[in-house]
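Here's a quick tour of the packing and the charge pairs in this one.

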Amino acid sequence: MFSRTYSKLDLLPSIYFIPRISYDVPQTGDHTLFQFCTGNFVIKIVNKRTPHTQLELMICVERLDGTMPYLLTELDDITLHVLTSLYLEFIKFVNLPSTINTYSLHGGFFLITGNYDKYTNDRGSIQGTRGIHIHFLCYPSVSFSAACTYAVMDAEHLLRYFDPLYFINQFCVNLKHDARLRHLLENVTLPNTYPNCYVFQKQLDAPMLGAVLCKSADYITNLYQQLHTILYASNFPSSMWMRSALNDFTHYEQILRASSVFSRHKDLVDILYQDLLELPKLPPAVLSSYRHPNNITQAEAYLTYNGPAYTQSVSGLIGKHTIYFRTELLLNRTSGSASVNTHPLGNRYYTSSDGSKVNVALRESFIDSFISSIK
């Protein structure tokens with residue numbers, strides 16, 4: 001994809017990657033263990049076939065007719081309230097002394113994260129087949145071991161997990177610019193952390209969490225529309241099996257400096273321009289060839305998201321009171337990976353496991369205990 005190793009790594013904290021492997025679970029797909037009907041929607045608690053970590057459950061949302069909502073803003077008030085209440089119940093559960101002792105979570109952290117991508121439904125983006133699905137993960141402190149850095153990865157592999165325009169998040173995504181969120185969130189600066197990290201200003205409850213999730217989603221979508229107008233020559237979303245062509249940046253300085261998105265960061269214009277020049281420019285014939293089933297691997301590796309894609313996470317250290325919120329806009333990363341984003345005090349990674357039946361039994365016990373706690 002790129003002629004060079006990604007050069008913006010010096011703008012970021014340490015980034016780690018532990019290859020994810022499949023667990024010893026029957027290959028029959030994800031298994032629904034419990035569900036709620038909220039009137040118009042069904043909320044399902046699911047045991048994932050290929051979990052990201054040993055202690056994980058997934059929550060999926062469907063309409064009663066079986067169709068998938070893709071964004072939290074598509075949910076009615078009752079469904080959103082039930083969903084955000086499950087966030088809070090999970091946080092309460094993992095902080096119980098009995099849970100901490102049973103699952104060796106001393107010094108660990110929890111992460112609740114969702115990836116939202118309504119428009120990439122023509123290839124291997126899981127959002128296109130599953131709709132809203134949110135990962136509820138618990139990491140013991142031992143998960144930080146045995147990591148290898150992203151720096152040793154080739155650029156093509158790197159792009160699967162890392163947006164080449166990621167640094168835009170650091171300088172352009174600021175939820176405090178939104179008057180609706182200003183009184184709910186407070187910026188927090190931590191060592192070795194990602195940008196756009198916030199703490200909740202007040203005692204967190206379900207309505208407040210729902211407001212933050214939906215209003216930040218609106219903010220991110222509006223920001224994407226501004227960026228898309230600047231960066232790309234076509235409207236969003238991109239056509240099926242295609243990708244928006246980059247604008248002609250002959251007069252890029254005037255174009256970028258005239259935008260309110262970049263007006264506060266004029267020193268970044270040159271960096272952005274160089275990155276845009278190095279993004280792959282695939283001709284329409286090549287893009288069209290990815291429609292063929294035999295080329296699905298190339299499609300997943302080379303076609304970026306079709307529209308505003310973003311991730312949102314709620315996280316915290318187990319046994320502590322501070323709860324963090326993060327959001328990340330995905331611009332030019334390829335589809336097809338889960339992009340499970342990290343707790344702000346740690347590094348970005350997937351954990352691995354030995355795939356034994358003990359791990360499966362432990363995860364099932366963890367999920368069953370959580371379901372029992374909310375019945």
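## The nonpolar cores

Which residues have the most contacts inside the largest nonpolar core? They are Tyr87, Phe90, Leu165, Ile168, Leu185, Phe200 and Phe325, in a core of 72 residues. By nonpolar core I mean a set of buried Ala, Val, Leu, Ile, Met, Phe, Trp, Tyr and Cys residues joined through side-chain atoms within 4.5 Å. Helix H7, residues 206–231, gives the most to this core, with 13 residues. There's also a second, separate core of 6 residues, among them Met242, Leu287, Ala299 and Leu303. In soluble globular proteins, nonpolar side chains tend to be buried together.

Zoom in on Phe200. Leaving aside residues up to four places away in sequence, Phe200 touches Leu184, Leu185, Met208, Leu209, Val212, Ile323, Tyr324 and Phe325; contact here means heavy atoms within 4.5 Å.

## Ground rules

This is a predicted model, with local features needing pLDDT of at least 70 and side-chain atom pairs counting only at pLDDT 80 or more, while totals for chains, interfaces and linings use all residues. Residues are numbered from 1 along each chain as its sequence is written, and side-chain values use heavy atoms, with hydrogens and water left out. Helices (H or I, at least four residues) and strands (E, at least two) are DSSP runs, numbered from the N terminus.

The whole structure holds 6 salt bridges, each being a side-chain nitrogen of Lys or Arg within 4 Å of a carboxyl oxygen of Asp or Glu. One of them joins Lys44 and Glu62 at 3.3 Å, N to O. Lys44 sits in strand E3 (41–47) and Glu62 in strand E4 (55–63), 18 residues apart. Both Lys44 and Glu62 are buried (under 20% relative accessible area; exposed is over 50%, partly exposed in between, with a 1.4 Å probe and protein chains only).

## Partly exposed pairs

Lys118 and Glu74 pair up at 3.7 Å, N to O. Lys118 is in the loop between strand E5 (109–117) and helix H3 (127–130), and Glu74 in the loop between E4 and helix H1 (77–94), 44 residues apart. Lys118 is partly exposed at 33% relative accessible area, and Glu74 is partly exposed at 22%. These two also belong to a salt-bridge network with Arg63.

Arg180 and Asp218 form another salt bridge, again at 3.7 Å, N to O. Arg180 lies in helix H6 (179–182) and Asp218 in helix H7, so this pair ties together parts 38 residues apart in sequence. Arg180 is partly exposed at 34%, and Asp218 is partly exposed at 32%.
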